[in-house]
Amino acid sequence: MESLSIKGGVPLRGEVTISGAKNAALPIMAATLLTAEPCVIRRVPNLSDVTFMGQILTSLGAKVKFDGATLTVQAAKIRGVGDYDLIRKMRGSICILGPLLGRLHRASVSLPGGCVIGPRPIDLHLKGLGRLGARITIQGGYVRARAPRLAGGEVFLGGRAGPTVLGTANVMMAAVLAKGVTLIESAACEPEVVDLAAFLNAMGARVVGAGSPTITITGVRELHGAEHEVIPDRIEAATFAIAAAATHGEVTLREARSDHMHAVLDKLREAGVAVERRGPALTVRRGNRLKPVDITTLPYAGFPTDAQAQMMVLMTLTPGISIITERIFESRFMHVSELARLGADIAIEGPSAIVKGGRPLSGAPIMASDLRASAALVIAGLVARGSTLVKRIYHLDRGYEKIDEKLKRLGARIERVEEP
Ligand code: EPU
């Protein structure tokens with residue numbers, strides 16, 4: 001197993017190009033199942049989750065070809081039963097359910113388990129697909145859905161923690177080939193949902209309103225092949241922005257979409273970080289004094305849960321008390337105990353982490369538990385005095401394209417090492 005060995009204390013400086021968004025690429029890849037014609041997707045990040053989704057599409061019968069950041073998929077003939085073990089490994093693979101149902105009117109997809117960030121149910125996905133006429137049962141660890149007549153309907157997707165991103169994607173992808181009009185209320189408004197809608201429309205779908213809580217989908221008889229460029233990854237951009245601020249550096253993020261990052265940039269500015277837009281790039285520079293900020297994670301356009309752990313590291317460096325409240329995934333504080341090993345003072349009270357910042361961090365061996373927690377630990381390692389070993393970085397490779405190489409080009413002293 002690989003680890004990252006980091007020698008902290010070097011301010012990050014220079015330019016980094018932001019890759020395509022993982023959470024846009026995954027559902028867009030699933031959407032290629034909706035047509036027998038070839039689809040070309042550009043700016044696809046080279047990540048293990050993306051490779052994995054490619055394997056899932058292949059296992060369903062599609063031809064999948066990666067050429068650098070360009071992916072071609074042709075799902076000429078596909079079957080509706082996904083490989084149990086392949087799908088079970090990645091939660092994001094649940095988004096093949098909607099397109100399989102739309103195209104084949106039946107689908108069997110293994111039930112994704114919970115994960116370290118929380119239980120992650122799929123009741124809203126199933127409720128939504130049920131509203132379109134699917135009969136759904138859970139048997140032998142599979143979700144089995146059948147819909148001889150898939151018909152448009154009114155679907156409310158609001159849940160306990162707000163709307164669901166992949167649930168919205170699933171219902172949208174089933175509805176594009178359903179008969180009649182589907183109205184999704186309390187739809188997720190994330191930019192990744194908008195990007196999926198753009199791809200579906202390029203395939204000949206009729207999706208209106210993506211990016212707002214009400215999405216209207218008028219079903220069409222069939223979809224055709226299309227080309228699409230995935231949006232830049234707002235969470236990767238946020239991670240590098242926070243790393244620049246944490247290390248007292250100055251980093252220009254090329255291809256960052258600041259219009260997708262208002263909540264993060266607003267909190268960075270409130271914390272005393274200078275953020276400047278220069279054309280399609282963003283420059284982030286740490287001011288002299290950081291200020292504590294309170295953060296609550298919320299559905300888009302609120303502060304993203306996927307940047308919570310990284311921001312917590314910045315707050316551990318900030319003199320004063322910051323309160324970080326996690327409203328999307330209840331157990332998403334796995335990084336807290338690892339940050340404590342580096343000397344951070346953080347207490348968890350229900351859904352909130354109370355960060356008493358300003359104590360210097362010092363390097364230690366620490367363990368990554370999930371993707372974004374891993375990113376936070378890497379930022380902490382870049383700041384901490386001495387050496388930090390971040391173990392189990394396969395989590396990181398699921399969602400950050402060549403993060404160690406990108407950081408190295410910004411001056412970080414970071415090496416990938418094989419764990420003994
Ligand atoms: N929820 C339900 N029922 C459902 C679905 C969700 O109660 O049927 C709850 C969840 O438990 C959670 C909330 O609704 O409390 C929001 O979950 P959502 O469904 O929106 O999450 P997701 O679609 O499974 C995507 C991203 C996550 C990101 C969340 C929230 C992908 C592949 N994953 O997950 O990304 O945190 O939206 O923005 O798009 C990551 O990249 O590290 C990551 C975990």
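Visitor: What should I know before I start?

Guide: Residues are numbered from 1 along each chain as its sequence is written, and side-chain values use heavy atoms, with hydrogens and water left out. As the model is predicted, local features need pLDDT of at least 70 and side-chain atom pairs count only at pLDDT 80 or more, while totals for chains, interfaces and linings use all residues.

Visitor: How many residues surround the ligand?

Guide: A residue is near a molecule if one of its heavy atoms lies within 4 Å of it. Here 23 residues surround the ligand, and Asp123, Leu124, Thr164, Asp306 and Ile328 are the closest.

Visitor: Which polar contacts can I look up?

Guide: A polar contact is a pair of N or O atoms within 3.5 Å. In isoleucine 328, a backbone N or O atom lies 2.5 Å from a ligand oxygen. For the side chain of lysine 22, an N or O atom is 3.0 Å from an oxygen atom of the ligand.

Visitor: Which element gives the most to the shell around the ligand?

Guide: Helices are DSSP runs (H or I, at least four residues), numbered from the N terminus. The top giver is α5, with three residues.

Visitor: How do α10 and α12 cross?

Guide: Axes are lines fitted to C-alpha atoms, for helices over the stretch in contact, with angles from 0 to 180 degrees between N-to-C directions. Those of α10 (residues 308-316) and α12 come within 7 Å and cross at roughly 25°. Angles under 35 degrees count as roughly parallel, so α10 and α12 are roughly parallel to each other.

Key:
A polar contact is a pair of N or O atoms within 3.5 Å; within protein, one must be able to donate a hydrogen and the other to accept it, and residues adjacent in sequence count only if both atoms are side-chain atoms. Helices (H or I, at least four residues) and strands (E, at least two) are DSSP runs, numbered from the N terminus. Angles under 35 degrees count as roughly parallel, over 145 as roughly antiparallel, 65 to 115 as roughly perpendicular and the rest as oblique.
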